[in-house]
Structures are given as structure tokens and as C-alpha cells.
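Hello,

Here is the structure I said I would pass on. My notes follow below it.

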Amino acid sequence: MLSRSELMQLPCSHYPLSLIVHPGNELKVCFNYDSSQFRKWQICQLAQHFETLLTALTRDLSVPVKQVSMLCETEYKKLIKWSDGGTPRLHKNSVLQLFEQHAEHNPDQIAITFERRQLTYSEVNKKANQLARYLLNQSGEPSAPIGILLGRSPEQIIAALAIQKSGRAYVPIDSKLPDKRVQFILEDASIKKLVTHSEYKIQHGLFDSLCITIDNPETQLQLNQQKSTNLNFTIEKENNAYIIYTSGSTGNPKAALLTHGGLVNFVEAVSDVLHIDERSRLLQFSSFSFDVAVFEWATALSSGAALVMIPQEIVLSPDCLTQTVNSENVSHALLPPTLLHHLDPIEWQGVSTIVTGGESFSISLVESWSRGRSFYNTYGTTETTILSTLFRFQEQENKMSIGRPFAGVKTYVLDDNLKPVPVGVVGEIFIGGPGVARGYLNRPDLTEERYLSVAVDDSNVERLYRTGDHARWTPHGELEFIGRKDSQVKIRGHRIELEEISENLLKHCAIKDALTIVRRNKEKEAELIAYIIVSDDLGDLALWQDTFREWLLDRLPGYMIPNFWVFLEKWPLNINGKIDRKALPEPAMNETKRQQEVYSFTENEMMLLWQGLLGHKLPISRDDDFFKIGGHSLLAVRLVALIEQKWNKKIPIASLMKYSTLSQLSRLVEHTNDGSKDAWSPLVILNEAPSKETLFIIPGAGGLSVAYLALSQTLTSDYSIVVLESKGLDGSEEPHSNMDDLVDCYHKALLKYQTKGPFFLVGHSFGARVSFELGKV
């Protein structure tokens, strides 16, 4: 008979942990441990597991050790209890029913705000009903998914509701994706109809037969003729609600099929935890093609809250985002940790709840953002309906957790034999519940690999999603995230497969082999590094970097483009003949070239700023481009702030993207006036094409020039592109109070830049009205 007596801590130990066995009539076992490395509860647990293991082996010596559970019954029941978030919240079949209830009971309640537009629940519901009927009248398979390719606007949400009301699943497609990726999604998902805008139809070269162009006057006329009452269409919980594409290891993205039942359980459970109701105002920050956007719009409209939508140019500007959040009285916001580093929590005091997740961050960041508000860290995967766990940070916490599952979700931490691991032991996260997707579209092999039927308690078989993430339970019943077990990473909130980048690089005829890795800079931000072995002698490889970068930009989203490029003659190998990743060289630029260059005082000072932001002391040439040596949009925001702090000069982000080399940006700083009011001008020059006509672009209300960079790059050789930005966007000036003053300011600026006509004006949204008024001057 086995029994365990008192544990004793010895004063001295030559090893961190020792097991001492004393033979005799009774077998005595002593655990000697270093108290600086182990806590008493860990040793107590270890002793219990050892006793359970020996007891099981004495009963049947033929059982393999790996099949013997170390958990006693009490610990096993505790782990099962922690893993279960509770009864699913499935009071309705879909979020549509919850939304329609609010539209019926509170028709005049504001549902969506966007710039100067406000739409009530009644208006959104009627527009969605009309579009749903229009979609049902279109030819095509009744169950075929319908794509959405629109810019940030209420029409995105209306289209999603309409498609679901028509009994289909919607497929969100980012308008900024390369043509090849858009085409892949259309073909892979068998999309026969695409709700879009004429701008994106032209941009991506889409056929008329595919597109439902909602800004087309004829389409609008037909929509207005449709009935606006609710449709009597039965939505089952098991039906697909939406299809989200994420990065895939084969070189192409993969699509997860998410159901109505999973989504309605999510919004009901999360609304309760985060206290979202009719008084709430949720910020819609995420890209519509990102699953977090479903969190934002579905949770808001299912709870009777207002969804505060913002244009892309405000997303890219922390100052403008802060101003908008305060002016719109936002109460809840889900933001990536990377962005929180660039915002001032004091200026966000009006926001009562901040939700974040997906990336590591420091306790000091959490402490600054949790004062006076609720701060939640989260964990989840696209394949299990957005989020699966929540953790509310409390004062005096010294470690960040991802919390516990909420209602309707089960999160198990299992070993390689698919059995629960003890407290404190690292295992893989498996997720169950109604939120688990039906699988991957057109990928039965991957579906079988990642969606498993598991009997965790040896009797009840559950369908679980294998996340590939490692975690462990803490003694308090919280999950501590450890990391990935494969090469999947998160870059600025986007989960990506590193193999997809490498696979696309290998499709280039000049590349023999490629490897992509991720590393953390001093700010703990993830950076991508591409290591390349070329096929032949290509000469100056630095010149090929732009070629390979453009190759990827034509196939992958911008956040998947490597920050650094390293060219190798051969791979460093370990003793097993595999690539030795630890021996891969750090990215470096041409030291010889830098030593031969002469720097001005401003260039030297600018170089120090760049080195600090990029998190290393790389030698920087005067011709090095900020965005090609590791910089990205969020770092650009910080650089602009540092320039203003150091030189008291405001440099628009758009100008930084144009004058992006060290020498160009330094000259721009030298020739820019200081921060005095007379230095402001509405003109932002994106590119100048000699002897070509100039297009003067007037953005929508609050719009920034950065939104038109892609257009300016496309038309570089055809037109000069100049944007007229509104006064007061940077907070240093009071905005124009009326149309007459605005038009007069723009008219003077136009004449200063171009003394005589014709003037080619392009107006976007509210800018169209301004263009019309300018044309009358």
C-alpha cells in the first residue's frame, strides 16, 4: 500500500530537484528541491502525481507508462470544471433575430455612425431587407456564398446582414488585397455574386456579371423598389453565417466556415461579460475582412448598441483616432497591443472598456490602461468564432493571463495523447463548443487534421479544434499562454503562416530557396525577416530586394511583407543537416557604403531616431528607405511624433511615405517651417509627374492624404497627385466652421500651386460637395 507523508524542505541542495529513494520494508521517497526555483505547491503536486503513477502501475504492469494518467480524481474534476465555460447561450438561432428585435422595439435608436452619417436600427434593417430580396432575385445557387468587396462604410454591415437574411454566408474581401489574391478567393469560394462599389470593380478588373454594384443608379433604383419588411426565411444554427480567409501554409489562404449558432452564442456571452447594452457605443476599428470586425458589428447590433465606424485614414492616425473616440463618446474598443503603445490612456478616459489580445505586451502597459476602466486580455482563433477566453486585469496583478472560457466554450489543455495535463504543465489548447467552425472550405485533409473527435473524459466524445497553441493552467484556474508549436505567428493582430510567405517567394524564378522567420524588436513588436538563396549570380542583390518585395505585394497583404531581406549563398546547418536557425545572420546594410558617405547634422540626428525606432544599431545609408529596412505604418506614426518633439516641425505621414529615404526626410525637415500657425497649408503633394496634369483630390470629412497613396503610386507616371487636407486634423489648428471659409482656403491654395486652369478636381464623399462648390468659384 502506498501512502504519502509530510514534505520537508532541506536547507541545501546541489541540484534543482532530487528524488531520493530509501529501500526497506517500506519504500520511502524524499523530494529535495531548490526553493528558489520551485514552490511548495509544485512539489506537493509532483509527489501526488508520482504516487498516482506508482499506484496505477502496481495494478497493471503491462500498461505503457504514457497511457497512465498522473491525475488523481480530485485534480481531474477540477481541470474539467475550469475548462468548461458553462451552458451555451443559444436563445436565438442567429444574430439576425436579436438585431430585428431591437429594430422593432427601438426603431429610432442609432445603429451606425460614420463620419457625418447616422443610421437608425429601422433604417439599417429596411436597407438590409431590400438588399436581401434583391439578392434572392439574382440568378445563382441558393446556398452559394456571396462576397463583399467594399470600403469602410455602413454599406459593409448592411451587406453582411442582407446576405445572411437571404440565407447565404458572406465572404468579406479586403479592397486593398492584390488582384491575384482577390481572384483566388472568388474562385476558391465559388462566389457567383459580389456586392461591391464601382471603384473596386474597376480597380480589380471584375466582370459585370459577377458584381452587384450598389452605387450604380440603376441598382439603387431596383433596391428602392424592393419591400423593406423582414423576410420569412428560416435560419438554422448549423448554417454557415460567414466565411473568413486566413493565411495558409500552402502558399494560398484557407477559409474557415463559421455558423450562426457559434456567432449567436459568442455575442450573447461576450455582451454579458463586457456589459454591452443599448447605452453602449462600440468602435469598429478592425478591417472588415478580419474576424474581429464580426465581434464589433455583430455584438453591437445584437445588443442594441451603436456601432461607431471610422474611415481608414483615421485608423492610421492615433491623434485623429483619439479625437474621434472622444467626440463620438465611444464606450468599448477592441485594439491590438501594438496600437496601445502609440496612444495616451489619459486621453481615452471616456472609454470604459478596453479589449485587447493576440500579441504579448508588458504589465506596465496594462497598468497604465486599466486605471479607471475595465481592461480585458483575450484569446481565440478564427476557427472557433473569434474569441474563446477572457481575462479582466485587476490591480496588483503581476502576470498577464488569457483567462477562462466564457459561456458555451470549452478550452482543454491536452498532452500528445489527448489527455488533460496537470496544473502548471504545458500542453496544447483544444477548443470545443458551438463556436467551433464546420471546417475548412475545400480542404478535407486539413479539416480532418485540425478538427478532432476527442473523449476527454473517456465517455463523452466532443468535437474539438486543435489550435496549435501551447498554454498551462495556473493554480488559480487561469490559462497562461506560452506560444505556438508551429510557424504560425501574429503580425499586428493578423495570424499568418510563415510558410505562405516562403512558398510565394519560391514561385519567383530567380529564387532557389527561401525561409521566413519572425523576431521581436525592443518594443516586443513582431518583425518578419526573409532569408533568400538566389538561383544564379544576379549582381547587386540589394537591387533585387525591391523586385522580390513587389513580387510579394502582388500576391500577399501588406502585413505579410518582410521587414528585412537577407541574401545567403548557403544555409547554416546543424549536426543533423537541418537549417540552424540560431546561426542565421542578423539583417545588415552596406557598411562600406555608409563609411564612404558624408552626412549632414540633420541626417545624423535623423539616423539616431531611425535606429532607435527599428530597435537595433544597423548602419543606415542616406539612400536607405525607412519602409524597406523595417519601418511600417505604426512606426511611421511614432517617427512623425519624434520629429515634432525634436525639431518642433509637423511632418504629415503622407509626406513621410513620399520622402522616405534618410536624405529626403532630412531635407524635408530642414525646409519645413516650425510649428507656428502660418506654416499650415491644405496641400499635401503625394507625387509630381513633370509635364503632366495635376489631380487635386479632396477627401471626405476628416479624411487624410494617406488614404490616396495607392492611387498616387498607380498614377505616378500619368498625373501629379495633390490632396487638400482639412484644417485642424493634427489638433494644432481650429477647423473651418463653414463651407465658404473652406472653399476660399482651398481656392487660394490651388492658385498658389497652379496659377491657371484647367483644374482637375476629384471629390471623395463629402469632398465631392466641396469640389462642386470650388468649381463655381
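Start with one side-chain pair. Ser660 makes a polar contact with Asp625, side chain to side chain, at 2.7 Å. Keep in mind that this is a predicted model.

Where does Ser660 sit? Its place is the loop between helix H21 (653-658) and helix H22 (662-670). Is Ser660 buried or exposed? Its relative accessible area is 5%, under the 20% cut-off, so Ser660 counts as buried.

Next, the surroundings. Setting aside neighbours within four places in sequence, Ser660 is in contact with Trp610, Asp624, Asp625, Phe626 and Phe627. Asp623 is 37 residues from Ser660 in sequence, and the C-alpha atoms of the two are 9.0 Å apart.

Now the nonpolar cores. The largest has 87 residues. Ile157, Leu161, Tyr170, Tyr242 and Trp297 touch the most other members. Take Tyr242 from that group. Beyond four places in sequence, the contacts of Tyr242 include Tyr170, Ala256, Leu263, Val294 and Ile386. Thr385 is also in contact with Tyr242. There is a second, separate core of 27 residues, with Leu321, Val330, Leu335 and Leu365 among them.

Last, the whole chain. The protein chain has 777 residues, and 53% of them count as buried. It holds 25 helices and 32 strands. Among contacts with a separation of 6 or more, 64% join residues 24 or more positions apart. The accessible surface is about 36,600 Å², and carbon and sulfur atoms account for 49% of that.

Best wishes

Note on methods:
Residues numbered from 1 in each chain as written. Predicted model: local features only at pLDDT ≥ 70, side-chain atom pairs only at ≥ 80, totals over all residues. Heavy atoms only, no water. Helix = DSSP H or I, 4+ residues; strand = E, 2+ residues; numbered from the N terminus. Buried < 20%, exposed > 50% of the residue type's maximum accessible area, 1.4 Å probe, protein only. Contact = heavy atoms within 4.5 Å. Areas by Shrake-Rupley, 256 points an atom, 1.4 Å probe, with all protein chains shown as cover. Polar contact = N/O pair within 3.5 Å; in protein donor to acceptor, adjacent residues only side chain to side chain. Core = buried A, V, L, I, M, F, W, Y, C linked by side-chain atoms within 4.5 Å.
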